[in-house]
Amino acid sequence: MYYIHAMSTDISQSANLEPLTAKPQLVDPFARAISYLRVSVTDRCDLRCVYCMAEDMTFLPKSEVLSLEELDRLCSAFVDLGVRKLRLSGGEPLVRKNIMWLVRRLGRHLDTGALDELTLTSNGTQLARYAQELVDAGVRRINISLDTLDPAKFTAITRWGNLDQVLDGIAAARAAGLAVKINAVALRGVNDDEFDRMISWCGETGFDLTFIEVMPMGEIGEQRLDQYMPLSMVRAEISKNWTLTDSDHTTGGPARYFDIAETGQRLGFITPLTHNFCESCNRVRLTCTGTLFMCLGQDDATDLRAPLRASEEDGLLIDAIHEAIGRKPKGHDFVIDRRHNAPAVGRHMSVTGG
Ligand code: SAM
Ligand code: SF4
């Protein structure tokens, strides 16, 4: 688990070194290996999507948020424990000050081979500025959230966003060579007339597309029952105009993929409500305050900030991570219907980054 070069910052010297011993795997009580860490690097965002945040959000005081150096140490401890994939999310990860320092720093684990993938989920507003730097740091793929191609609707969904800014960001990502996947939350009465258009656009631009069911997380001052649209309905609508065949593509995540014959692109469905995907869960989620959530849909969590700050050595931290993984629950039980219109968990999606 330890590398000879663990403290080295010179990637060129450390690139070919192998671990001294085989890495122990993080395995939960249901025999699922934990190989994927998602990190919300900030709870702040430059947008306020109606299904994600209330308009008047109170954000964390900066004093509670881990420094970038602390986030690097935490992520690196997980990498040492066998995590192979890191996704930075938020809030909006690219609004965090100096975020590229962290991306470059984590990129060293790609160079050593300890990490298979370093990636981000972003709303795209800052990508025109950062796309090339992300590629230079080793990022190869990015998920961009975009629920509509209609400028007025985009502004309504995000409460004040500008679609052109995001489309410019997406174009910059494409020009820099990033593989782009578009994530769209299916919202009844909002973007349910745009599925065909989004499939065509993704086909023309060469992007995969994934639809997501809205999840009952955090008070948002909107009625989720009004927003919620089961993806079984979305799929039925889409199948009227497109030929979908089962794809064996998998990212080890919750999406179920189909190939679209007419465009040659993939279409994913993430269905936390209509089809529970927990049995193959390989991930845990870290907040920007160092709280580890073992399940997106449960409240149980472990504070990793205290053991992180208690010692410069990682022993306490690693013990706390093992203890937390030992408590990973079997799954979530999200429900949205007339009797269950309150959030399943109190925190917003932006706390754990989706
Ligand atoms: N700001 C970035 C973005 O929008 O991509 C990263 C964070 S955002 C919380 C991550 C993903 O969660 C986005 O694709 C967003 O659409 C999705 N999301 C947020 N709230 C959600 C909810 N209540 N149900 C389903 N998806 C949600
Ligand atoms: Fe911000 Fe992403 Fe949440 Fe929208 S979905 S408010 S862009 S964190």
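This is a predicted model: local features need pLDDT of at least 70, side-chain atom pairs count only at pLDDT 80 or more; totals for chains, interfaces and linings use all residues.
Me: What span is expected of a helix, and what does H2 reach?

Reply: The expected span is 1.5 Å times one less than the number of residues. Helix H2, residues 68-80, has 13 residues and reaches 18 Å from its first C-alpha to its last, close to the 18 Å expected. After H2 comes Gly82, whose phi is positive, near 110 degrees.

Me: Why is H2 described as largely enclosed?

Reply: A residue is called buried under 20% relative accessible area, exposed over 50%, and partly exposed in between (1.4 Å probe, protein chains only). Because eleven of the 13 residues of H2 are buried, this helix is largely enclosed by the rest of the structure. Among the buried residues are Leu68, Leu71, Leu74 and Phe78, and also Glu70 and Asp72. For the protein, 56% of the 354 residues count as buried.

Me: What is a nonpolar core, and which residues have the most contacts inside the largest one?

Reply: In soluble globular proteins, nonpolar side chains tend to be buried together. A nonpolar core is a set of buried Ala, Val, Leu, Ile, Met, Phe, Trp, Tyr and Cys residues joined through side-chain atoms within 4.5 Å. The largest here has 100 residues, and Leu37, Phe78, Ile182, Phe211 and Ile238 have the most contacts inside it. H2 gives the most to this core, with seven residues.

Me: Which residues does Ile182 touch beyond its neighbours within four places in sequence?

Reply: Contact means heavy atoms within 4.5 Å. Beyond those neighbours, the contacts of Ile182 include Ile144, Leu146, Ile170, Met198 and Trp201.

Me: Which polar side chains approach ligand 1?

Reply: A polar contact with a ligand is a pair of N or O atoms within 3.5 Å. A polar side-chain atom of Tyr51 lies 3.0 Å from an oxygen atom of ligand 1, and one of Ser145 lies 2.5 Å from an oxygen atom of ligand 1. In Glu92, a side-chain N or O atom is 3.2 Å from a nitrogen atom of the ligand.

Terms used. Residues are numbered from 1 along each chain as its sequence is written. Chains are lettered from A and ligands numbered from 1 in the order in which they are written. Side-chain values use heavy atoms; hydrogens and water are left out. Helices (H or I, at least four residues) and strands (E, at least two) are DSSP runs, numbered from the N terminus. A polar contact is a pair of N or O atoms within 3.5 Å; within protein, one must be able to donate a hydrogen and the other to accept it, and residues adjacent in sequence count only if both atoms are side-chain atoms.
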